[in-house]
Amino acid sequence: MAFNQSNMVLIGHGAGNHVYFYKSSEALATVVAADYFLPYYEQLKENDVIVLVASTGGLETVDLLVVSASSSATVTVTNGT
């Protein structure tokens, strides 16, 4: 399964950065893989935060992701749990 823009919601912003909520039925490792968020690169910028609800072994997990790079060529996030 790929990134689903309808699952990405802006929940806050300030000091030049944004906080998003994203829900996926995929495993954390899939979502944090390089370029998973590439279709959304125009909205994401370095140091934005994504509150992620994902799935691990059928159980929902919550993680905080930090955008470390975002361009038309690549989007990289790190797990900032």
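Trainee: Which residue forms a salt bridge with Lys23?

Mentor: This is a predicted model. A search of the whole structure finds one salt bridge. Its closest N and O atoms are 2.9 Å apart, and the partner of Lys23 is Glu60.

Trainee: How many residues apart in the chain are Glu60 and Lys23?

Mentor: Glu60 belongs to strand E4, residues 59-70. Lys23 belongs to strand E2, residues 17-23. The pair therefore links distant parts of the chain, and the separation is 37 residues.

Trainee: Is Glu60 buried or exposed?

Mentor: The cut-off for exposed is over 50% relative accessible area. Glu60 has a relative accessible area of 57%, so Glu60 is exposed.

Trainee: Which residues does Ser55 touch, not counting residues up to four places away in sequence?

Mentor: Ser55 sits in strand E3, residues 49-56. With a relative accessible area of 19%, Ser55 is buried. Its contacts beyond that sequence limit are Ser24, Ser25, Glu26, Ala27, Leu28, Glu60 and Thr61.

Trainee: Why does Ser55 count as buried?

Mentor: Buried means under 20% relative accessible area. Ser55 counts as buried because its relative accessible area is 19%.

Trainee: What are the elements of the protein chain, from the N terminus on?

Mentor: The protein chain has one helix and five strands. From the N terminus on, the order is β-β-α-β-β-β.

Trainee: What is the radius of gyration of the protein chain?

Mentor: The C-alpha atoms fill a box of roughly 35 × 25 × 25 Å along the principal axes. For 81 residues the globule rule gives 12 Å, and the chain is close to that, so it is as compact as a globular protein of that length. The radius of gyration is 12 Å.

Trainee: How many aromatic pairs does the structure hold, and how is one of them, Phe3 with Tyr36, arranged?

Mentor: The structure holds eight aromatic pairs. Phe3 and Tyr36 lie 6.2 Å centre to centre, with 90 degrees between the planes. Planes over 60 degrees apart count as edge-to-face, so the arrangement of Phe3 and Tyr36 is edge-to-face.

Trainee: Where in the chain are Phe3 and Tyr36?

Mentor: The pair links distant parts of the chain, 33 residues apart. Phe3 is buried at 12% relative accessibility, and Tyr36 is buried at 9%. Phe3 is in the segment before E1, and Tyr36 is in the loop between H1 and E3.

Trainee: What is the distance, centre to centre, between Phe3 and Phe37?

Mentor: Phe3 and Phe37 also form an edge-to-face pair, with 65 degrees between the planes. Phe37 lies in the loop between H1 and E3, 34 residues from Phe3. Phe37 counts as buried at 1% relative accessibility. The centre-to-centre distance of the pair is 5.5 Å.

Trainee: Which residues do ring pairs link into a cluster?

Mentor: Phe3 pairs with Tyr36 and with Phe37. Ring pairs link these residues with others, and the cluster consists of Phe3, Tyr20, Tyr22, Tyr36, Phe37 and Tyr40.

Trainee: How far apart in space are Ser6 and Tyr22, C-alpha to C-alpha?

Mentor: Ser6 is found in the segment before strand E1, residues 8-14. Ser6 is exposed, with a relative accessible area of 60%, and its side chain makes a polar contact with the side chain of Asn4 at 2.6 Å. Ser6 and Tyr22 are 16 residues apart in sequence, and in space their C-alpha atoms are 8.9 Å apart.

Trainee: What is the phi of Asn47?

Mentor: Asn47 lies in the loop between H1 and E3 and counts as partly exposed at 47% relative accessibility. Asp35 is placed in the loop between helix H1 and E3, with a phi near 70 degrees, a positive value in a residue other than glycine. For Asn47 phi is positive too, near 80 degrees.

Terms used: Residues numbered from 1 in each chain as written. Heavy atoms only, no water. Helix = DSSP H or I, 4+ residues; strand = E, 2+ residues; numbered from the N terminus. Buried < 20%, exposed > 50% of the residue type's maximum accessible area, 1.4 Å probe, protein only. Polar contact = N/O pair within 3.5 Å; in protein donor to acceptor, adjacent residues only side chain to side chain. Contact = heavy atoms within 4.5 Å. Phe/Tyr/Trp six-rings, centres within 6.5 Å; stacked < 30°, edge-to-face > 60°. Salt bridge = Lys/Arg side-chain N within 4 Å of Asp/Glu carboxyl O. Rg over C-alpha atoms; globule rule 2.2 N^0.38 Å.
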